[in-house]
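Please open the model in your viewer and keep the selection panel at hand.

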Amino acid sequence: MKPAAQLASDLVLVGGGHAHALALRMLAMAPVAGLRITLVSPATHTPYSGMLPGLLAGHYSFAETHIDLAALCAWAGVRFIRTSITGLDPQQKTIAFSDRPPLTYDALSIDIGSQPDTASVPGAAEFSTPVKPVAALWSRWQNTLSGLESGARLAIVGGGAGSVELALAIAHVLSERNLAIDLYCGAPQILQGYNPRARRRVERALIDHGVHLHVDHRVARVKANALYLQGGAKAHYDELLWCTGASASPWLSDSGLPVDDRGFLAITDTLQSTGSAAVFAVGDCATQINHPRPKAGVYAVRQGPVLANNLRAYVLGQPLKSHAPQKRFLSLLSLGDKLAVADRGPFSASGAWVWRWKDRIDREFMRRFSHPPVMPDTTPGSSVPAANPIQAPCGGCGAKLAPAELSAVLAGLRQRYPKATQADNGPTLGSDDAAVVMTPEPMLLQSVDSLRALVSDPYLMGQIAANHALSDLYACGSTPVSAQALVTLPFSTAHVGAGDLEQMLAGSLSIFEKAGCVLLGGHSMQGPECQLGFVVNGLSGERSLPKHGLRPGDSLILTKPLGTGLLFAAQMQGRADGGDIEAAIESMLVSNAVGAQLAVEHGATAVTDVTGFGLAGHLIEMLGEEAGASLNLAAVSLLPGANEAITTGIHSSGFAGNYALVADRCEADVAVTDAAAILFDPQTSGGLLIGVSADRSRALVQALNDQGIEGAVIGVVTESPALVWA
C-alpha cells in the first residue's frame, strides 16, 4: 500500500464563523495531501446567526441553531483546539494563547466576527450584557433571563436588524411575564437603509409586541440600573442588552497588520491581508478595501466557497480567485412570532409565508453541517474474514489489548521467566498499578502508561496522557517525583513535527508542574499516528494504598462519572455532541491526587484507578478469587451523553474484551442491559475505585464532595465470589 504523504504544511483557521464552517466542509471533501488543517475556537458550538432570534423566541432548539464544531472537525479529519487567541505575530507566523505555547502556521485564516462597541460609552462594558460575540449569546441570555422578575424592565440598546429581532423574540417568548421592554436607538429611525415599507412593518410588530421604541435616544453613559441619554434624560432598567454597531477585537490591530479606521483587518479581493499574503480574513472581522460592505452574515456565507478555493490554491502555489461581494442582499427579519419581513432594494413583503421561506433557507443551510455527506470508503475491496472490524479501534485506554489475552500472555511469561518477572518480596509482572523498584522506606514506585491519540489537540493530549499516567501512582498512595516520555508523532516535516512536540510536551508539563513531578527526558519518533506515553516514578507516603485487600462488607466508592470510551467511540462514528465530548475532557483532566489522599486519611482498604478494563474489570482485579461484589447501577454516575450512546447501540472497541474478562464471575441470570453496559466501558484518565469499611464510607464521601469530587457509594463487597448488579 502506498504510504500517506507526510504532514508538510499547517493551515490554521481561527474562529468558527459561517465562512470557516463552509470552507472547512469544502476542504474536507477535496483534501490536499500533506496539508493539516486546524480549527481554533473558544466554543465547541457556533450559532447560525440567522436562526438565533428563532432560538430566543422558542421556535428552535439549541441543536437546530448551532453548528457542532467539534463534530464537524471529527468528520472532516481536522484538528480542533478549543481556546481563545490572544495575539498574532505575522512575522514569525505564530498565534498566541494565554494557556499554552504559540501555534505556528503556514497559512492562516481569521473568522472571529465582531463585538459590540461598549468602549465608546462609559459604563456599557461594566453594566450591560453584550449580544456579541454571538457564540456565547445563548448562555449569556440564560443568565440575563434568570434575573428578570415579573414587572422588570429590560432595555436593549441598538437600532439595527439584530437588536430589532432580539427585542421581538424576547417580547414573544416572555409575553406572559408582564415585562417592560425598551429599545433605544440613537438614530432618527431604526433599520437604516431598509425599505420604508419593511421598516413600517417592523415598527408595527414592535407596537403589537409591546416593545417601547425610543429613536433619537443616544446613550451617553451607563450606570447600574440607569441609562443617561444625550440631552440629560435618564432612563431606568433592570437588565441591559447591548446590541450596537460592530467593533473589532483589539488583537487584530495589535498584530501590526493593516486595519481600516475601525480596527478591522484590511483585505484584498482574494480575501488576503494587505500586509501578509499568508493571512486570510473573512466575515465581520475584515473589510474588503475595494468593496466595503455593512457587517452582515450574508457576506460571510458568500465568502465561504471563495475562501476554500483560495486557501487550497495558496498552499498549492496556484492562482487565486477574486471576490466581489454583491451590493444588495435579501434580508429576512423575524418578527417574534412565526412571521417575517423580506427586504431587498425596493422589494418588500411580510407575513407567515415569508417566515416559512426564511425557515426553509435556514434549515437547508444548517443541514449541510448536521447531516454532512458520508466520506468515501477507502478500505480495501477484499479482506480475510477476521480482518473486518465492526468499528475502528478506539483511542485512549479503549485501545488496550483485550484483558483476557493480556492476562494469558503475562501468565505464560511469568512461568517461563520467573526471575525476570518477580522482584524479591515484591509484586509480579502485571499485578499492581505501580511496581516497587527500590526499598527501604520511602519506597520508589514506578508505572508506565501510553495512549493512542484520543483528541486532536496536541496540548490537550499531553495533559490527558500525563494525568492518566500519574493516576497509577496516586492509586498506590505515592507522590510523583519524575517522569520520562515516549512520544510518537505523525510522519511530518521537521518544522511541523517540532511544533507538535512542543505543544504536546507543554501540555504534559502543565500537569507535571502542578504535581511536583519533573520530566527528565524521554524518546521521540515518527509513526503513522500520534501516541504519547510516560514512565512515572513516585515515593511512597506514610501509608500505601494496596490494590488488593477488600473485605466482605466494605463499601465501594467511585470518584468520577463513567463513559469516556462510549463518547469517543460515538465521536468516531459522527454521533457525539461536541458539548458532551467537552464534558468528558474536563473529567479526564481532573487529578486523582486529592481523592487518593482522602482515601489514605479515611483508612481505605484497597484502591485502583478505573481505566482500560472498565469498572467491572478493575473491580475483579481488586476482589481476587475469593470475594465478590453487589453493585447499585443507579448510583453509578455517567458523563453527559453516555446513556444516549448506550441506548443507541454504541460501544467502545474494548467493550467485548472487558465483558469477557468478568463473564465467568457473573451470575447466569444477570443480563448485560443498557444500564449495566457502562460497567465494561474502558475509561481514559478515569476516577478512583475505593474500598473502605462501611462505617467510614459516609465520611469519605462527604470529604470527597467537599473537595468538589463526585464521590458516591456504588456497591458493597460480598463473601460470594460472584459479581452482581441491580
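Begin by selecting L539, whose place is in strand β31 (residues 531–540); helices (H or I, at least four residues) and strands (E, at least two) are DSSP runs, numbered from the N terminus. The model is a predicted one, in which local features need pLDDT of at least 70 and side-chain atom pairs count only at pLDDT 80 or more, while totals for chains, interfaces and linings use all residues. Residues are numbered from 1 along each chain as its sequence is written, and side-chain values use heavy atoms, with hydrogens and water left out.

L539 counts as partly exposed because its relative accessibility is 33%, where buried means under 20% relative accessible area, exposed over 50%, and partly exposed in between (1.4 Å probe, protein chains only). Show its surroundings next: beyond the neighbours within four places in sequence, L539 is in contact with P442, M443, L444, L445, S478, T479 and V481, contact meaning heavy atoms within 4.5 Å.

**Confidence**

Colour the chain by pLDDT, the predictor's confidence in each residue, from 0 to 100. The chain has a mean pLDDT of 90, and 93% of its residues reach 70 or more. Now select residues 379–390, over which pLDDT stays under 50 and for which the model has one contact beyond four places in sequence. Where pLDDT is low, the predicted coordinates should not be read in detail.

**Two histidines**

Select H66, found in strand β4 (residues 66–68) and buried, with a relative accessible area of 5%. Its side chain makes a polar contact of 3.0 Å with the side chain of T65, and one of its polar side-chain atoms lies 3.1 Å from the backbone oxygen of F62. A polar contact is a pair of N or O atoms within 3.5 Å; within protein, one must be able to donate a hydrogen and the other to accept it, and residues adjacent in sequence count only if both atoms are side-chain atoms. Leaving aside neighbours within four places in sequence, the residues in contact with H66 are H45, T46, P47, L52, L55 and M366.

Move on to H618 in helix α19 (residues 614–623), which counts as buried at 4% relative accessibility. The side chains of H618 and T611 are joined by a polar contact of 3.1 Å, and T611 is also among the residues that H618 touches when those up to four places away in sequence are not counted, together with T608, D609, V610, G612 and F613.

**Salt bridges**

The structure holds 15 salt bridges, a salt bridge being a side-chain nitrogen of Lys or Arg within 4 Å of a carboxyl oxygen of Asp or Glu. Select E582 and R82, which form one of them, with the closest N and O atoms 3.4 Å apart. E582 lies in helix α17 (residues 578–588) and R82 in strand β5 (residues 79–82), so this pair ties together parts that are 500 residues apart in sequence. E582 is buried, with a relative accessible area of 16%, whereas R82 counts as partly exposed at 37% relative accessibility.

Next select R363 and D359, a salt bridge whose closest N and O atoms are 3.0 Å apart. Both residues lie in helix α11 (residues 352–370), four residues apart, about one turn of the helix. R363 counts as partly exposed at 31% relative accessibility, and D359 as buried at 14%.

A further pair to select is R551 and D554, in which the closest N and O atoms are 3.8 Å apart; R551 counts as partly exposed at 42% relative accessibility, while D554 counts as buried at 3%. Elsewhere, salt bridges that share partners join D10, R36, R79 and D500 into one network.

**A covered helix**

How many of the nine residues of helix α16 (residues 564–572) are buried? Eight are, so that the helix is mostly covered; select T564, G565, L566, L567, F568, A569, A570 and Q571 to see them. What covers these buried residues includes α4 (69–76), α17 and α20 (642–647). After α16 comes G574, whose phi is positive, near 70°.
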